[in-house]
Amino acid sequence: MTTYQQPKTHWTTKDIPDLTGKIALISGGSSGIGLEAARALAEKGAEVHLSARNAQRGQDARDHLIEATGNRHIYYHKLDLTNVDGHNYNAWTIYLETKLAQAQIARKLDQVFTEKRYPITMMAANPGVAATNLVTKNAGATSTAMRMGALLFRLFPSIRQSAAEGALPTLYAATDPHAQGGAVYSPNNRQNTKGYPALWKWNETPEMTDQQALDQLLEESLKLLKLPASVL
């Protein structure tokens, strides 16, 4: 089993190396954490491709980033990845389940790429609790927990960090040479909700170390995509 090492203490965007010649693709890049990640990458010279559902917001984000960073190699692509799961859709439940699945599939794919000696590294990141519109935007009446969360955020804004701070675990995973494949990074406070990048406590949970579960997730994912195992 891989032994993961903690990131440098107090890692920030100042620690991002020069990214000239690198290409970054960001989903949900028109606002919130995605926009802040795009800004940091563009400032370091990367060619940045933003994707978002709303074309106008996507183009506006592109124009804003070009003006703010001076990097003209920023592009927008319309992409809608939303798919709401039948009549019993519950935003909070689905969010937690998919977050775990994302971490699991990142670890499994990193195993596959390592075994096949592909020059690809897979890892996952948790932004913690950040001041974005994710919780309130489409929760509607489907999730009491999310509505209560939105109320708490308005009453106690200090429990959330900024979108720029929420982007740090993603930026660490994407750019730092010490980031390890298969690891999950998150904010470093006890609840993993705020702070600098660190290893998430999920790294050593049974769900993340159950090899049979990881194998099955990849198998089911390929079935849903109608792809053969040989595609990897």
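This is a predicted model: local features need pLDDT of at least 70, side-chain atom pairs count only at pLDDT 80 or more; totals for chains, interfaces and linings use all residues.

Me: How many aromatic pairs does a search of the whole structure find?

Reply: A pair of aromatic rings is described by the distance of the centres and the angle of the planes. When the whole structure is searched, the number of aromatic pairs found is four.

Me: What kind of aromatic pair do W11 and Y172 form?

Reply: The ring centres of W11 and Y172 are 5.3 Å apart, and the planes stand at 90°. Planes over 60 degrees apart count as edge-to-face. The pair formed by W11 and Y172 is therefore edge-to-face.

Me: How many residues apart are W11 and Y172 in the chain?

Reply: W11 belongs to the segment before β1 (23-27), while Y172 is in helix α7 (residues 168-175). The pair thus links distant parts of the chain, and the separation is 161 residues.

Me: How are the rings of W200 and W202 arranged?

Reply: Their centres are 4.0 Å apart and their planes meet at 15°. W200 is buried, with 9% relative accessibility, whereas W202 is partly exposed, with 21%. Because planes under 30 degrees apart count as stacked, the pair of W200 and W202 is stacked.

Me: Which element gives the most residues to the largest nonpolar core?

Reply: This core has 32 residues, and L41, V48, L50, I74, L171 and Y185 touch the most other members. The elements that give two or more residues are β1, α1 (32-43), β2 (47-52), α2 (55-69) and α7. With seven residues, the element that gives the most is α1.

Me: Why is α7 described as largely enclosed by the rest of the structure?

Reply: The buried residues of α7 are L168, P169, L171, Y172, A173 and T175. What covers them includes α1, β4 (124-125), α6 (163-166), β5 (184-187) and β6 (197-199). Helix α7 is largely enclosed because the buried part of its eight residues amounts to six.

Me: Which strands are the edge strands of the open sheet formed by three strands?

Reply: The order in this sheet is β4-β5-β6, with mixed pairing, and β5 and β6 pair in the antiparallel sense over three bridges. Helix α7 lies across these strands, at about 145° to β5. An edge strand here pairs on one side only, and the two that do so are β4 and β6.

Me: What is the distance between the closest N and O atoms of K8 and D15?

Reply: Side chains of opposite charge can pair when their charged atoms come close. K8 is partly exposed, at 48%, and D15 is partly exposed, at 25%. They form a salt bridge, and its closest N and O atoms lie apart by 2.6 Å.

Me: Which residues are linked with E219 in a network of salt bridges?

Reply: E219 and K223 both lie in helix α9, four residues apart, and their side chains meet in a salt bridge at 3.5 Å. The network linked with E219 comprises E220 and K223.

Methods:
Residues are numbered from 1 along each chain as its sequence is written. Side-chain values use heavy atoms; hydrogens and water are left out. Rings of Phe, Tyr and Trp (its six-membered ring) pair if their centres lie within 6.5 Å; planes under 30 degrees apart count as stacked, over 60 as edge-to-face and the rest as tilted. Buried means under 20% relative accessible area, exposed over 50%, partly exposed in between (1.4 Å probe, protein chains only). A nonpolar core is a set of buried Ala, Val, Leu, Ile, Met, Phe, Trp, Tyr and Cys residues joined through side-chain atoms within 4.5 Å. Contact means heavy atoms within 4.5 Å. Two strands pair if DSSP finds at least two bridges between them. Axes are lines fitted to C-alpha atoms, for helices over the stretch in contact, and angles run from 0 to 180 degrees between N-to-C directions. A salt bridge is a side-chain nitrogen of Lys or Arg within 4 Å of a carboxyl oxygen of Asp or Glu.
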